[in-house]
Amino acid sequence: MKVIYCGYRATFGAYLMAALHAGIYKGDQFPSSQFIKAHFDICCLYGEQYGNLIYVGLDENLNEIYAMGCNRFFPVIERAHTNIGRMLKIDEELHHIDVSRLEGFLPRFMGFLLACGIKVELCRKLFFWWFNRKYKFFTKMVEWQKRGLKKPKRSSSD
Amino acid sequence: MGILFYHCYGGAHTSVTCASIHLNYLPHDRIPETYEFKAIPFYDKMENSKLGTPLYMGRDDLGWDIYALGLKDGKSVVIPAIKSLLNVSGIYNRDVLFVSALVQVNPLTAIGGFTSRKLGLPFIGRPMTIWGIRKTYPLLVDLVTRVKEALMQDRDRLLT
């Protein structure tokens with residue numbers, strides 16, 4: 001199964017949830033500031049990559065975890081992925097999760113400032129504050145999502 | 001051979017018209033009458049809640065499956081998202097083509113489409129879209145002709 005976390009931008013809430021799901025961030029312990037800084041650097045570098053699937057890792061059930069920036073087109077992308085996947089007989093199941101409502105307004109604001117290349121230092125502070133505030137919430141949401149996912153079906157040859 | 005998507009904003013008018021020209025449901029040498037547009041399958045039918053769902057229109061003489069697709073104004077996001085999925089699924093991108101049907105859309109078509117699909121007044125909007133498309137019909141025929149020529153050249157290149 002491919003699990004795709006979709007945010008307005010790929011690198012804020014979507015990447016955070018994907019990283020929690022893939023085990024890059026451990027939900028029970030808060031990451032070091034070095035990790036958060038690295039995450040912020042990802043936001044600076046790839047925040048404007050809309051529509052690209054960013055591979056984050058595998059979870060314990062060997063589901064592939066991706067993050068993607070959908071701008072405001074999540075429903076259109078979800079339907080296009082699902083239908084084109086069926087048309088082209090992509091046998092792997094796709095599971096889209098809309099993160100844009102969970103991450104709040106701040107990532108959009110920070111993303112806008114970063115895209116314009118202004119107030120980077122302010123954005124860094126805001127990002128740390130946002131990360132602190134949302135980490136536990138996203139951890140819970142990822143656990144909830146994981147519970148909702150079905151375990152992968154085993155092929156007959158196994 | 002592959003899959004070709006004609007895409008536009010709502011997936012109800014220009015993309016469906018282009019796909020119909022491609023499949024010879026509509027003539028190349030003259031501007032069709034109103035009843036001919038109304039007879040096209042899926043013309044002015046796509047609902048807003050289904051945008052992103054491809055509509056299968058038929059298979060052309062070269063073996064390409066032709067679809068109409070509505071992407072709102074998000075083609076710069078949705079098309080990379082589709083290509084990205086194909087990429088990670090190991091599907092050859094050259095077999096999937098996207099052609100924008102939004103070539104010089106007449107404002108009447110846009111207003112008619114909004115009236116019909118968004119406001120739910122097809123008896124006002126549909127004739128406006130047909131009127132608008134008839135005005136730009138030669139441009140749509142030209143687009144489809146160029147697409148077909150490109151596909152033909154590609155096939156010749158692959159066969160030789």
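Tutor: Start with a term: a polar contact is a pair of N or O atoms within 3.5 Å, and within protein one must be able to donate a hydrogen and the other to accept it. The model is a predicted one. Between chain A and chain B, seven residue pairs are in polar contact, both residues at pLDDT 80 or more.

Student: Which parts of chain A supply at least two residues each to the side that touches chain B?

Tutor: Strand β3 (64-69) and helix α3 (74-87) of chain A each do. The largest share, eight residues, comes from α3(A). By class, that side of chain A has 14 nonpolar, six polar and three charged residues.

Student: What makes the pair Asp73(B) and Arg72(A) a salt bridge?

Tutor: The rule asks for a side-chain nitrogen of Lys or Arg within 4 Å of a carboxyl oxygen of Asp or Glu. For Arg72(A) and Asp73(B) the N to O distance is 3.0 Å, so the pair meets the rule. Across the interface of chain A and chain B, the rule finds one salt bridge.

Student: Why is Leu151(B) called buried?

Tutor: Buried means under 20% relative accessible area. Leu151(B) has 4% relative accessibility, so Leu151(B) counts as buried. Leu151(B) lies in helix α5 (residues 122-159) of chain B. Not counting residues up to four places away in sequence, Leu151(B) touches several residues, including Leu4(B), His22(B) and Trp64(B). Leu151(B) and Trp64(B) are 87 residues apart in sequence and 9.0 Å apart in space, C-alpha to C-alpha.

How values were computed. Residues are numbered from 1 along each chain as its sequence is written. Chains are lettered from A and ligands numbered from 1 in the order in which they are written. This is a predicted model: local features need pLDDT of at least 70, side-chain atom pairs count only at pLDDT 80 or more; totals for chains, interfaces and linings use all residues. Side-chain values use heavy atoms; hydrogens and water are left out. A polar contact is a pair of N or O atoms within 3.5 Å; within protein, one must be able to donate a hydrogen and the other to accept it, and residues adjacent in sequence count only if both atoms are side-chain atoms. Helices (H or I, at least four residues) and strands (E, at least two) are DSSP runs, numbered from the N terminus. Ala, Val, Leu, Ile, Met, Phe, Trp, Tyr, Cys and Pro count as nonpolar, Asp, Glu, Lys and Arg as charged, and the others, Gly among them, as polar. Buried means under 20% relative accessible area, exposed over 50%, partly exposed in between (1.4 Å probe, protein chains only). Contact means heavy atoms within 4.5 Å.
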